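Here is a short report on a protein structure. Take a look at the sequence and the model before reading on.

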Amino acid sequence: MIIRRILLHILLVILISSCKKKEPVLVTVTGKIPASTAGITLAHEHILVDFIGADSIWPGRYNADTVFHHVLPYLLELKPLGVQTFIEFTPNYLGRDVMLLKRLAEASGLNIITNTGYYGAVDEKYLPSHAHTETAEQLAQRWVEEFNNGIDDTGIRPGFIKLSADQAPLTEAQKKIMKAGAITHLNTGLTIAVHSGDGNAAKEELAIFMANGVAPDAFIWVHAQNEKNFEVFKEMASQGVWVEFDYVHPETIEQYVSFLKFMKANNLLHRTLLSHDAGWYDVVDPQSITFRGYTAISTLLIPRLKEEGFTENEIDLLIRKNPAKAFSVQVKKK
Ligand SMILES: [Zn+2]
């Protein structure tokens with residue numbers, strides 16, 4: 001009798017836990033958060049970038065305290081604008097510094113998300129030498145390891161995969177990192193964001209992901225603004241790909257209004273992401289660059305969208321709901 005009651009109880013617990021729908025999460029540098037709490041999100045920004053190249057980069061090339069004090073004021077500007085989440089797109093071998101990101105997250109109160117993966121664009125200058133000798137499976141193993149056990153010894157986990165390729169056709173190494181991205185996605189649920197030279201490169205990337213069993217909505221086409229033919233936005237978004245228009249800047253507002261009007265006219269706003277692709281502390285030449293802040297979407301683009309008849313719901317989709325959905329950690333199989 002007692003055994004029967006215990007068995008029934010166990011069965012009930014199993015049933016309840018399997019019925020409870022798992023809430024989607026984002027993985028930030030300070031831990032997991034429910035995606036529904038992400039709030040207004042900047043979908044692609046940078047804190048620090050070092051363009052020296054994979055063969056010469058090392059953390060001692062800058063003083064992390066200097067960068068911290070330089071960047072923090074720009075992050076503190078975001079709280080009054082309602083921004084809560086900041087997705088940092090600097091990959092490994094280009095200055096990804098997750099301890100710095102964690103310090104800035106704690107000091108600013110923002111959720112900051114970092115990435116795993118490699119940057120194959122710019123003639124593969126930012127690929128470490130092992131990216132040429134290892135297989136896609138071996139590269140994926142390194143990235144899955146970062147997701148499971150943290151980056152280096154920090155315990156900080158990546159919240160998405162960042163890859164890149166130049167204009168089509170992709171090189172062999174670029175194709176290999178796409179395949180490694182697909183394998184990593186299937187083992188972790190991390191979304192794959194790819195800096196793409198043009199629409200043809202994005203199409204080639206999508207074909208590789210799908211051939212490896214990954215669904216289109218696990219893929220963010222980064223720098224869609226490089227593509228001149230708007231029909232390609234429609235072709236990709238209608239298949240489920242996230243189309244990301246980066247580089248919203250005071251001088252580019254009208255261009256972005258036209259992208260968004262096109263997406264709205266084609267009922268594709270639910271597949272659209274926006275960012276400034278701004279920042280950043282430039283390690284190679286810290287004095288020469290004017291730091292671009294992260295406020296143009298809130299202060300310039302959104303008011304223009306309202307003038308163009310975009311509703312509160314449509315704007316909410318662009319700046320809050322879409323990024324939360326796009327960066328939710330979930331395996332999406334084709
Ligand atoms: Zn970027």
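This is a predicted model: local features need pLDDT of at least 70, side-chain atom pairs count only at pLDDT 80 or more; totals for chains, interfaces and linings use all residues.

Residues are numbered from 1 along each chain as its sequence is written, and side-chain values use heavy atoms, with hydrogens and water left out.

## Helix packing

Helices (H or I, at least four residues) and strands (E, at least two) are DSSP runs, numbered from the N terminus. Axes are lines fitted to C-alpha atoms, for helices over the stretch in contact, and angles run from 0 to 180 degrees between N-to-C directions.

| Helix pair | Angle | Axis separation |
|---|---|---|
| Helix 7 and helix 8 | about 15° | 10 Å |
| Helix 10 and helix 11 | about 145° | 10 Å |

Helix 7 spans residues 199–211 and helix 8 spans residues 230–237. Helix 7 and helix 8 are therefore roughly parallel to each other. That label covers angles under 35 degrees; over 145 counts as roughly antiparallel, 65 to 115 as roughly perpendicular and the rest as oblique. Helix 7 passes helix 8 in a left-handed crossing. A crossing is left-handed if the near helix is turned anticlockwise from the far one by less than a right angle, and right-handed if clockwise.

Which residues of helix 7 and helix 8 meet? Gly-199, Ala-202, Lys-203 and Leu-206 come from helix 7, and Val-232, Glu-235 and Met-236 from helix 8. The contact of helix 7 with helix 8 has four nonpolar, one polar and two charged residues. Here Ala, Val, Leu, Ile, Met, Phe, Trp, Tyr, Cys and Pro count as nonpolar, Asp, Glu, Lys and Arg as charged, and the others, Gly among them, as polar.

Helix 10 passes helix 11 in a right-handed crossing. Helix 10 brings Ile-297, Ile-302, Leu-305 and Lys-306 to the contact, and helix 11 brings Glu-312, Ile-315, Leu-318 and Ile-319. By class, the contact of helix 10 with helix 11 has six nonpolar, no polar and two charged residues.

## Aromatic rings

The structure holds 21 aromatic pairs. Rings of Phe, Tyr and Trp (its six-membered ring) pair if their centres lie within 6.5 Å; planes under 30 degrees apart count as stacked, over 60 as edge-to-face and the rest as tilted.

Tyr-74 and Phe-291 are stacked, at 4.1 Å centre to centre and 20° between the planes. The pair links distant parts of the chain, 217 residues apart. Tyr-74 is partly exposed at 24% relative accessibility, and Phe-291 is buried at 9%. Buried means under 20% relative accessible area, exposed over 50%, partly exposed in between (1.4 Å probe, protein chains only).

The rings of Phe-160 and Phe-327 have centres 5.3 Å apart and planes at 85°, so the pair is edge-to-face. Phe-160 lies in strand 8 and Phe-327 in the segment after helix 11, 167 residues apart. Phe-160 is buried at 0%, and Phe-327 is buried at 1%.

## Two buried residues

Ala-140 lies in helix 5 (residues 136–149). Ala-140 is buried at 1% relative accessibility. Beyond its neighbours within four places in sequence, Ala-140 is in contact with Ala-180, Ile-183 and Thr-184. Contact means heavy atoms within 4.5 Å.

Ile-319 lies in helix 11. Ile-319 is buried, with a relative accessible area of 12%. Leaving aside neighbours within four places in sequence, Ile-319 is in contact with Gly-39, Ile-40, Thr-41, Ile-297 and Ile-302.
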